[in-house]
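Open the model in your viewer and keep the selection panel at hand.

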Amino acid sequence: IPDSGHKYYLQFSTEDYRTGENAGSCLATVLYPKKKSPPVVSIKCSHTKDQKEIQEEDNRLYQRIRQQTKPVAGNNIPDSYGNIEPALEPVWALAVAGSSSILWEKSTENLGYFLAQVKSVQQWIRKDDFIEFDYTVLLHEIPTQEIISCHMRLTWLPQHPLRVKYFCSENPGMEDGSGAESGSAAGASAEKGAIF
Amino acid sequence: HQVLRVVPKSDEELQKVQELQDLEHLKLDFWLAPRGLGYPVDIHVPFPSLQPVKAHLEASGVSYSIMIEDVQALVDEEQTEMLRSSRQLPLSTNTFNYEAYHTLNEIYSFMDMLVAENPNLVSKLEIGRSTENRPLYVLKFSTGGTNRPAIWIDTGIHSREWVTQASGVWFAKKIVQDHANNEGVASILETMDIFLEIVTNPDGFAYTQTTNRMWRKTRSRHSGSICVGVDPNRNWDAGFGEAGASSNPCTETYHGPYANSEPEVKSIVEFVKGHGNIKAFVSIHSYSQLLLYPYGYTETPVPDQKELHEISTKAVAALSSLYGTNYKYGSIITTIYRASGGTIDWTYNQGIKYSFTFELRDTGRYGFLLPAKQIVPTAEETWLGLKVIMEHARDNMY
């Protein structure tokens, strides 16, 4: 749109991340203003699940995590071979949901992201009913192909929105074990230490 | 040494067998001692005693059967088996596990087994050495002729794209099977050769196994930088260094100090030029589920755009027909993004009209970490797409 920016018209379908089942479709317009600022989005979606169903699933997920006898912790989810331990699946699901807000905030008209891997997760037990996790997630950035490491703190209670705080380190080439230090998250540094 | 079995059916027969037990000089070893009528007696007979024992039994009309013709052979086999299973190495390409990811050494040994099992069809060529001096192996599938028109397939140029090397291994076995059963690509092999480089970036691959699963580039060090590695899919001499690659050595799309600086790339360039008769070139990546043709470095469409697009339509239809996997297709620059110094842009400009790149499963859910159980379905469906390209090349010689 001359002197205004680029407007995109989107029609897409959605699917349940775990089961692959159709979860509805959406119509959206996204306007990227000429001056770099967050895009203007208008979106309308149809849902295959009703509120009640969604709430029930949320509660099930919540209970699965609360039922654990010790704080959940893990590394490399999925592992190098694409495996996810069944016990860590709920925690991975939360990471997917939480990191989607990072993906959304970081994306631009020319830069997109995928969640490549959950490098580590550590649960923090709280006195209240909220569940809280500390994650190191790896994002795959397109088209640069870079792997970005982000530290993500996530808190949640069913019927409340996910609260996500994050810090991503952008240091191209820091995976190469050159020994130079960076502000990247613990997971990446530990790996570097192992090389030399 | 042999093991003989006697089942005594009368008291006389039983007595004859028991007599053997007393003849110590025969050095017989009863694996199953005589018990009574109708019960089998198994006798381990050393070679020097075979003749006398058999003569003794035959003279008395006692029937026997040879249970084990050669005890040593069985012992040897078991020994090999035990060694192999303790190191978990398959005995042949028939017992190789195609549904798992393998180490570099396992893939190298797979190649050797495949060649050993099919010496008249498969040979292994070393086209160069990597930065860390690993061999760059290409499997050649040929039924004869001299410098026949050929198809080239490479997998694993970006080391973290594990489903591609795994698929390459499956493709190798598939070609051999088709040929043996006279189906599939057997007809293509009548007039064309197939070259398959399974681990195109072995240094990177080793690195993904030992240190960093997400490593993409080569492992070269170029002066002036502490960072390691060049993107082997930005290092080719097609729009080299232009927009669509990075000049920063610390980035994932670093094009390198000059075109073909990477031995992994240079060796293929030299091979292709030296061969001179390659008609189709397919470079395989993951992930995104795309089938791409040139160009990536410019928006100018290739002269053969229409034909390449038609082939892509057919290839994707064939691929999707198996499991319903959705692929998009088109030129690199219109379908994913601008990328310069890319493999198939160079091969196309060399005159290899049928130059394609696949981006295999998935679309981001697992990304590079595709679960092993998806290896075979991915290879199977991709193969159908590859066949469309190969058959088109065969039927449209130029």
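Which residues have the most contacts inside the largest nonpolar core? Select A:Phe133, A:Tyr135, B:Phe141, B:Ile198 and B:Phe358. The core they belong to has 121 residues. Bear in mind that this is a predicted model.

Stay on A:Phe133 and show what surrounds this residue. Leave out neighbours within four places in sequence. What remains in contact with A:Phe133 includes the aliphatic residues A:Ile65, A:Val72, A:Val91, A:Leu94, A:Val121 and A:Leu154. A:Met152 is in contact too, as are A:Gln122, A:Gln123 and A:Arg153.

Now move to chain B.

Next, the interface. Color the contact by chain: 30 residues come from chain A and 29 from chain B. About 2,400 Å² is buried between the two chains. Carbon and sulfur atoms give 55% of that area.

How many residue pairs are in polar contact across the interface of chain A and chain B? The rule finds eight, with both residues at pLDDT 80 or more. For salt bridges across this interface, the count is zero.

Hide chain B and look at the side of chain A that touches it. Select strand E5 (112-124), strand E6 (131-142) and helix H3 (186-195) of chain A: each gives two or more residues to this side. E5(A) provides the largest share, four residues. Finally, color this side by residue class: 15 residues are nonpolar, nine polar and six charged.

Terms used:
Residues are numbered from 1 along each chain as its sequence is written. Chains are lettered from A and ligands numbered from 1 in the order in which they are written. This is a predicted model: local features need pLDDT of at least 70, side-chain atom pairs count only at pLDDT 80 or more; totals for chains, interfaces and linings use all residues. Side-chain values use heavy atoms; hydrogens and water are left out. Contact means heavy atoms within 4.5 Å. Buried area is the accessible area (1.4 Å probe) that two parts lose on being put together, summed over both. A salt bridge is a side-chain nitrogen of Lys or Arg within 4 Å of a carboxyl oxygen of Asp or Glu. A polar contact is a pair of N or O atoms within 3.5 Å; within protein, one must be able to donate a hydrogen and the other to accept it, and residues adjacent in sequence count only if both atoms are side-chain atoms. Ala, Val, Leu, Ile, Met, Phe, Trp, Tyr, Cys and Pro count as nonpolar, Asp, Glu, Lys and Arg as charged, and the others, Gly among them, as polar. A nonpolar core is a set of buried Ala, Val, Leu, Ile, Met, Phe, Trp, Tyr and Cys residues joined through side-chain atoms within 4.5 Å. Buried means under 20% relative accessible area, exposed over 50%, partly exposed in between (1.4 Å probe, protein chains only).
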